[in-house]
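Subject: Structure for you to look at

Hello,

Here is the structure I said I would pass on. Please open it first, then read the notes below beside it.

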Amino acid sequence: MGKLAVLTVLGASLALIGERLLSFRGRMNAFREVEPIEPQSCHLIEGLENGSEDIDILPSGLAFISTGLKYPGMPNFAPDELGKIFLMDLNEQNPKAQALNISDGFDRESFNPHGISTFIDKDHTVYLYVVNHPHIESTVEIFKFEEQQRSLTHLKTIKHELLKSVNDIVVLGSEKFYATRDHYFTSHFLVFLEMIWDPHWTYVLFYSPGEVKVVAKGFSSANGITVSLDQKYVYIADVTAMNIHIMNKQDNWDLTQVKVIQLGTLVDNLTVDPATGDILAGCHPNAMKLLIYNPEDPPGSEVLRIQDVLSDKPRVSTLYANNGSVLQGSTVASVYHGKMLIGTVFHKALYCVL
Ligand SMILES: [Ca+2]
Ligand SMILES: [Ca+2]
């Protein structure tokens, strides 16, 4: 190859890499700062110092909180702390967080809980499904909640070749759930390349004992997932595309897209307000600050409420925003009777009265 051709190829490659890196900074919202917005009464929850990645509240007001997530690429200040599930009773005047005991026979040493979803059976038994990453793999653990004993009995570990890099789940029947895959690759280096290249290869999976299939694909990084109150629509957060996909659930469990709600922030886990059907989104206003953690300029937190989700003009408002001075790396917000819990990847958790 002549020198000119070599220079041309080199120049084109450098331009492409430069363009991808610039696009990556854009996807991480690297230049965004937040203006603080805080409800009247908020305080940090005692005992939750090691992340509170996902929160699911039962209709009775009992909140499950997954803590201690070790996620590659994210800061972790307590690598020796075991993953745990905490419970809070939001009916109490001053609710306290309490770690739930987990039955013997379950490997608590490698418990690395991520997204969670509760399921109440016809006989009123409460089950907690937990995305787990033991030894950086992905499994879904099914626990039965023993309310009297305040404990979890481990029933089953679900593994499947399509259940890789699982982020969150939403359970819609006994052993029937949708799960998001947040990266296509699983090795650190390839995940890094995927983040830079952004090929949109991640997907949503439907799992049941009889059938496992991809039901929606083409996401930059599918993250939080939940379902509308009438269970007709599934809401999926594409974190690095900064949007939420509203999808129609078909009788055969396939998902068809209704619309995409674009938001100027990286959307993590989603919950639905049981009183209004609004979506609550735990968001990362600037994910570059999460990846390159600097205690002098920490990652902030942001919670959005999306009203009139199915209308032509959904309304988006900010319920909470902080530059990291109080709460860093918010991942989820969940409400119950005028109270709100906000969880984070590796930091603390906040309790607010709205
Ligand atoms: Ca969840
Ligand atoms: Ca998540």
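By class, how many nonpolar, polar and charged residues does the lining of the second largest pocket have? The count is 19 nonpolar, eight polar and three charged. I come back to that pocket below. Please keep in mind throughout that this is a predicted model.

**The chain as a whole**

The chain has three helices and 25 strands. Its C-alpha trace spans about 80 × 50 × 50 Å along the principal axes. For 354 residues, a compact globule would have a radius of gyration near 20 Å, and the chain agrees with this at 20 Å. Of its residues, 55% count as buried. Among the contacts with a separation of 6 or more, 53% are between residues 24 or more positions apart.

Two of them link distant parts of the chain: Ile116 sits in strand S7 (residues 113-120) and Asp168 in strand S11 (residues 166-173), 52 residues apart. Ile116 and Asp168 are both buried.

Why does the pair Glu53 and Asn167 tie together separate parts of the chain? Glu53 is in the loop between strand S1 (41-44) and strand S2 (54-57), while Asn167 is in strand S11, so the pair joins parts that are 114 residues apart in sequence. Glu53 and Asn167 are both buried.

The largest pocket has a volume of about 940 Å³. It is lined by 45 residues, and those nearest its centre are Tyr71, Pro72, Asp182, His183 and Val191. The elements that contribute two or more residues to this lining are helix H1 (3-27), S11, helix H2 (188-197), strand S19 (266-272) and helix H3 (288-291). H2 gives the most, with five residues. By class, the lining of the largest pocket has 19 nonpolar, 17 polar and nine charged residues.

The second largest pocket holds about 700 Å³ of space. Of the 30 residues in its lining, Asp56, Ile57, Thr118, Thr226 and Val227 are the closest to its centre. Two or more lining residues come from each of S2, S7, S11, strand S15 (222-227), S19 and strand S23 (330-336).

**The cavity**

There is one cavity of 30 Å³ or more in the structure. The space in this largest cavity is about 40 Å³. Its lining consists of Arg32, Glu33, Val34, Pro285, Asn286, Lys289, Gly300 and Asn323. By class, these are two nonpolar, three polar and three charged residues.

**Helix H2**

Which residues of H2 are buried? They are Val191, Glu194 and Ile196. H1 and strand S13 (202-207) are among the elements that cover them. Just after H2 comes Asp198, with a positive phi of about 60 degrees.

Most residues other than glycine have a negative phi. Glu175 has a positive value, near 60 degrees. This residue lies in the loop between S11 and strand S12 (176-181). Is Glu175 buried or exposed? The cut-off for buried is under 20% relative accessible area. Glu175 has 17%, so it counts as buried.

Trp253 also has a positive phi, near 75 degrees. Its place is in the loop between strand S17 (243-249) and strand S18 (255-262). With a relative accessible area of 19%, Trp253 is buried by that cut-off.

Regards

Definitions and conventions: Residues are numbered from 1 along each chain as its sequence is written. Chains are lettered from A and ligands numbered from 1 in the order in which they are written. This is a predicted model: local features need pLDDT of at least 70, side-chain atom pairs count only at pLDDT 80 or more; totals for chains, interfaces and linings use all residues. Side-chain values use heavy atoms; hydrogens and water are left out. On a 1 Å grid over the protein atoms alone, a cavity is a set of points where a 1.4 Å probe fits but cannot get out, and a pocket is an open set with protein on both sides within 12 Å along at least five of seven lines; lining residues have an atom within 4 Å of a point. Grid points are joined across faces, edges and corners, and a volume is the space filled by probe spheres set on the points. Ala, Val, Leu, Ile, Met, Phe, Trp, Tyr, Cys and Pro count as nonpolar, Asp, Glu, Lys and Arg as charged, and the others, Gly among them, as polar. Helices (H or I, at least four residues) and strands (E, at least two) are DSSP runs, numbered from the N terminus. Buried means under 20% relative accessible area, exposed over 50%, partly exposed in between (1.4 Å probe, protein chains only). The radius of gyration is taken over C-alpha atoms; the globule rule is 2.2 Å times the number of residues to the power 0.38. Contact means heavy atoms within 4.5 Å.
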